[in-house]
Amino acid sequence: MNNLKGLTQQEANKKMKEFGPNEIKELVHISPFQILLRQIKKNFIIYLLFAAALLSFFVGKSITGYAIFGVIIVVTLVGFFQEYKAEKAISALKQMIMPISIVVRNGKEIELSSCKIVPDDIIILRTGEKIPADCIVLEEKELRVNESVLTGESREVKKITVKKESDCEKENLIFMGTYIVNGRCIAKVLHTGMNTEFGKIAGMISETEKELPLQKKVNNIAKYLVFVAVAVSILTGSIMLIRSVSFSCEILVEVLIVVIALSVSAFPEGFPVVLISTLASGAYRMAKKNAIVNRMSIIETLGETTVICTDKTGTITMGEMTAKEIFLDDKLFNITGVGYKADGNFIQNNKKIDIQKNIPLRLLLKTAVLCNDAKIERKGTDKEYDIRGTPTEASLLIMSAKAGIFREDLRFIRKEEIPFSSERKIMSVLCKEKQKNYIYSKGALEILINRCKFIQKGNKIIELDKKERKKIMDLSKKFASKKFRVLSFAYKETASFEKNHFEKDLIFLGLVALEDPPRKEVREAIKTCEDAGISIKMITGDNKETAIEIAKEIGLEKKDTLVGEEIDKLTEDELSKIVNRVVIFAMVKPEHKLRIVKALKQNGEIVAMTGDGVNDAPALKEAHIGIAMGKNGTDVTREVADLTLKDDNFITIVSAVREGRTIFNNIRKFVVYQLSCNYAELFIIFFGILIGLPLPLLALQILFMNLVTDNLPAISLGFNNSSQDIMKMKPRRKSNILNKKLIILLVTTGTIMGLLALGVFYFTLNILEQDIVVARTTTLVTLIFLEIANAFNFRSFRKGVLNRSPFVNKYLVYASIVSILATLAIIYTPLNKIFETAPITLFNFLTAIVISLFIIIVFDVLKVINKKKHGVANGL
């Protein structure tokens, strides 16, 4: 690779101007027109309002008809705006985890956003990475690619180095959008963006729009309301016709006007808008806490999570490896220093040793450098380094740097390699040094020691007997008891280039103990999960002893432990019977993760699974919530995941679960609130007609309430903060938005509001003997004030209003002010002619205010009684 200089920055800039950014516009561009059509298509309420408008024209209420058409436009545009904003927000969130490629520019390897790659760039790709452009393979090691995105076939395709660039075949080409599932390569970019094979078919690719489960539930509720409205309309119309002395056109018109009012009162026009607003704001809040939502639908599922299966390394632990101890030649060496700063010494028996005089130690450090794919680059004048690659491999380079051993100073040519994989747990390279060839290997001790026949003792090589093997294994267990991760190293001189012989009869060198301390906040996060009824399963490729020690430190209750070999011996049914009581899974492979997820799902658990490697993708896809790592994860896992952690931190998962629960609770609140308002409007019209009163509210007045004084407070309820004890509740099990208690609550609330508003209408019309228009206006104001007051009641199903600040939800305060101002506008401006309202006296206003305060007092008292009777019941 030394002869691959790549483009200069000037050449790259020129090509960027010529070819543009490396992106597929048809797939990432959001068409506002398409979203507008989608809004009209999926919002069935629009069709019902359209029918109501036509009916208004039919009965001669043209102003009402035009107003309803105006409402249709408002509903459509507001819905479009919110969905467009949500689509943009999700798109922006995904941009926060942008793919990065390693590009050779000016002869140096640099990290570059994949969208900045241009033709003729030289790029370096490794296992798990998404190929950012159509390329020709210049060099490869065990390269296999998944091209299913183009071919539809999921089998791995082997790729080989091109002999002549002008004469390349498909086996020499890798394509944009496909994945490297094994090996690595150096490739030259041929085409980018829309000029790639992927780009050519982009126009034909259309993702099937998936309806959110929550959206489906909300739409089902709205449909039930339509049936209720139709039934009540028919019943009310029948009552009016029966009461009429004789049938006439005037009677029919009057009945149809009532039907319009009833229909409009039952239509929750703002449901789609409020739902999208709540989900989008929730996704934004999660992003601020480093959890990037890839699919909106999982927000609901997060609140149902019962099991979190989490990786140990980098998620529970810091993910910043430091080599602390080395064992070789029957000697133990301590290494000072922490993190990625090459400032430290090698100590034996409290004395600093001279690396130059210790041949076995230099050989182990050299092996750690040569059998390594990571890179370190000095930050400045001190000894602190930036790393590129896995934390484990980078820590080995830092360890060797402390001894003054760097890859750049070693004269070697890497001829061949067998890359590390989670199945093999070993990496080996063949290097030519002067006239000799050497194999250098590193990996899990349990695997590598079985490939070794000899051991290095000083300057001698002796046979590795059972006694030596036991000594090494016992020491490894001792390291594990200190929570160290253990890597073993071996080498041999070879004359064979056959890979089948690479890892046979190796010479064992020694062990390196790596420290990766747990994150400080994890212990508290695990306690939070236990209080919330969520089980934690720690899954690691490390050995059992290390996993147990880490589990003890983070407060993870030790129950049963399973290792990969034991999982292999269990049938699916046997695994499902014991999987719930197992807390630690050690020495696992990716296929074990998949089996664990399936077993937990078989037991009815809602599973969240973390993963970072390319082979973790099936398990993430199988889990209810697949969680990828943003820092150290592969492109493959991020592509299939539902959630991506920007900081790879376990506590971010817990924060996401908390947010998921909060969002669902807020959705429940605004649904019950809006339905109680619709029910109150339905109640006042139906029972007003039933007891022989004139129509209490007109259709246009009801539409005004639904769109302004209902919707604005409902949207603000979606911004409620989570209750402090929300993570002390047990997970809900695929519960519907409405349950029996909430239905009783909305009916009770709606009935109280309906009775109070109807009482005001009767009092104003019959007792005060005021004009019908004034009576309707007073009733309208009363119901609006009741709905605003009720919105404050619905901030919490348990906590009162009068003993809390109104600014607990400041958005609700702002929404209430806007609603009141809008109400005053339709009463005291020329708009009153359209809405058929009239100015009312101070007494009428005070009546509305007193009654609205009454409903707050009633519900505060009921909440106190409920708390004494049931205690903390639902976390809402």
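In β27, glycine 626 is the bridge partner of methionine 609. This pair belongs to a set of four bridges that join strand β26 (residues 607–611) to strand β27 (residues 625–629), two strands that run parallel. Strands here are DSSP runs of E with at least two residues, helices are runs of H or I with at least four residues, and both are numbered from the N terminus; two strands are said to pair if DSSP finds at least two bridges between them.

The model is a predicted one, in which local features need pLDDT of at least 70 and side-chain atom pairs count only at pLDDT 80 or more, while totals for chains, interfaces and linings use all residues. Residues are numbered from 1 along each chain as its sequence is written, and side-chain values use heavy atoms, with hydrogens and water left out.

Taken as a whole, the protein has 30 helices and 28 strands. Buried residues make up 56% of its 876 residues, where buried means under 20% relative accessible area, exposed means over 50%, and partly exposed lies in between, for a 1.4 Å probe and protein chains only. Among contacts between residues at least 6 apart in sequence, 71% join residues at least 24 apart, a contact being heavy atoms within 4.5 Å.

The strands β26 and β27 are part of an open sheet of eight strands with mixed pairing, in the order β8-β28-β27-β26-β9-β23-β25-β24. At its edges stand β8 (291–293) and β24 (560–563), each of which pairs on one side only. From one strand to the next, the twist averages 20 degrees. Helix α18 (residues 544–553) packs on this sheet, where it touches β23 (535–539), β24 and β25 (582–586), and the direction of α18 makes about 140 degrees with that of β25; axes are lines fitted to C-alpha atoms, for helices over the stretch in contact, and angles run from 0 to 180 degrees between N-to-C directions.

Six bridges join β10 to strand β22 (residues 506–515) in an antiparallel arrangement, and within β22 the bridge partner of glutamate 325 is alanine 513. Strand β10 is also joined by four bridges to strand β11 (residues 331–335), again antiparallel, with leucine 328 opposite lysine 331 in β11. The hairpin of β10 and β11 has two residues between the strands, and in it aspartate 329 takes a positive phi near 55 degrees.

Turning to the helices, α14 (residues 391–402) has 12 residues and reaches 16 Å from its first C-alpha to its last, close to the 16 Å expected at 1.5 Å a residue; the expected span is 1.5 Å times one less than the number of residues. Helix α14 is mostly covered, with 12 of its 12 residues buried, and it is followed by glycine 404, whose phi is positive, near 80 degrees. Helix α13 (residues 359–370) packs against α14 at an angle of about 140 degrees, with their axes 9 Å apart. The two helices are therefore oblique to each other, since angles under 35 degrees count as roughly parallel, over 145 as roughly antiparallel, 65 to 115 as roughly perpendicular and the rest as oblique. In this contact, Leu364, Leu365, Ala368 and Val369 of α13 meet Leu396, Leu397, Met399 and Ser400 of α14.

Helix α25 (residues 699–717) contains serine 716, which counts as buried because its relative accessibility is 2%. Leaving aside residues up to four places away in sequence, serine 716 touches Asn809, Tyr811, Leu812 and Ala815. Helix α25 also packs with helix α27 (residues 772–793) at an angle of about 15 degrees, with their axes 10 Å apart, and α25 and α27 are therefore roughly parallel to each other. Where they meet, α25 contributes Gln701, Phe704, Met705, Thr709, Asp710, Pro713 and Leu717, and α27 contributes Arg776, Leu780, Leu783, Ile784, Glu787 and Ala791.
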